[in-house]
Amino acid sequence: MTTPYLFGKPFRCLYPALAIMGLLLFSCRTTKPVQYLQGPIDTAALSRINLPEPLIQKGDLIGITVYSDNPEATAVFNQQMNTTLTAGAAAGAGTATSATGATTQGMPGYLVDDQGEIRFQLLGKLHVEGLTKSELEALLKEKLSGQYLSNPYCNIRFLNYKFTMLGEVTRQGVYSIPGERISILEALGMAGDITIFGLKDSITVVRETNGKRSFGYLNVSKPEVFASPYYYLQQNDIVIVKASPKKPDVSEQTANRNFSRAATISSILLSLTLVFVQIFK
């Protein structure tokens, strides 16, 4: 029986090179990362959502729109929002807000200053730090009723809701969202997920409320993360994803890259040498 040409002499010379390349490929396999939400999920216990209303903090930008039975009288309290929006559209650019809470061109809303106050039309300075949106609405309703407006109510929103992602995520940075609620899983998705060296069971959330700093620890590899008070992020939260102790340092990563390049070049040179040896012997 004749040997097929595929296994003839012209191809046998490639066997050592193929074996070496295969060894290099299998030796470079990456570690399988830990999956999210492993194990059974207690849907009865974890389906209840306990979402605390965020508190107003220093540096927050708040949008306040006032309504009442008299639209003409109400317009006085909305002129800041209206004029800044109009001016911003005309200029085509946004500008910063002053430290006193007065808003400049292109930036509607009320900035909570370093004293935790805003300056509101006709009412002057109001201390709003530590209040929820519903508490601020009640405060404004109390001060505007009777003397200024009939049956007033307000629509209040955070205009600069943001959080920070650091550590072992694909895209670190400060993220702003148009809404006022985001979960840790959604935040990780926005940041491009945890890297292969990140620990899903060691995520730290740094939160500041009324001048006090608290720390929460999340394990997104377990369903119990849904029950954590830190599962939903709040305004200005900082999320830090820790790195695995097995992650190589900078010098080790450089050495690994150099070794990989050297191994690749060596395998190519070896392959070429074996080819020429077999052909010309």
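## The open sheet

In this predicted model, five strands form an open sheet. Their order is E7-E6-E12-E9-E10, and the pairing is mixed. Strand E7 (173–176) and strand E10 (212–218) stand at the edges. Each has a single partner strand, so one side of each is left without a neighbour in the sheet. From one strand to the next, the twist averages 20 degrees.

Now look at one pair inside the order. E6 and E12 run in the parallel sense and are joined over four bridges. Methionine 165 stands opposite valine 239, a residue of E12.

## The largest core

Nonpolar side chains tend to be buried together in soluble globular proteins. Here, the largest nonpolar core has 23 residues. Those with the most contacts inside this core are Phe163, Met165, Ile184, Leu188, Ile203 and Leu233.

Which elements each supply at least two residues of this core? They are strand E6 (162–167), helix H7 (184–190), strand E9 (198–209), strand E11 (232–233) and strand E12 (238–243). Helix H7 gives the most, with three residues.

## Around phenylalanine 163

Take Phe163, one of the residues with the most contacts inside the largest core.

## A second core

There is also a second, separate core. This one has 20 residues, among them Ile62, Val112, Leu126 and Leu140.

Notes
Residues are numbered from 1 along each chain as its sequence is written. This is a predicted model: local features need pLDDT of at least 70, side-chain atom pairs count only at pLDDT 80 or more; totals for chains, interfaces and linings use all residues. Side-chain values use heavy atoms; hydrogens and water are left out. A nonpolar core is a set of buried Ala, Val, Leu, Ile, Met, Phe, Trp, Tyr and Cys residues joined through side-chain atoms within 4.5 Å. Buried means under 20% relative accessible area, exposed over 50%, partly exposed in between (1.4 Å probe, protein chains only). Two strands pair if DSSP finds at least two bridges between them. Axes are lines fitted to C-alpha atoms, for helices over the stretch in contact, and angles run from 0 to 180 degrees between N-to-C directions.
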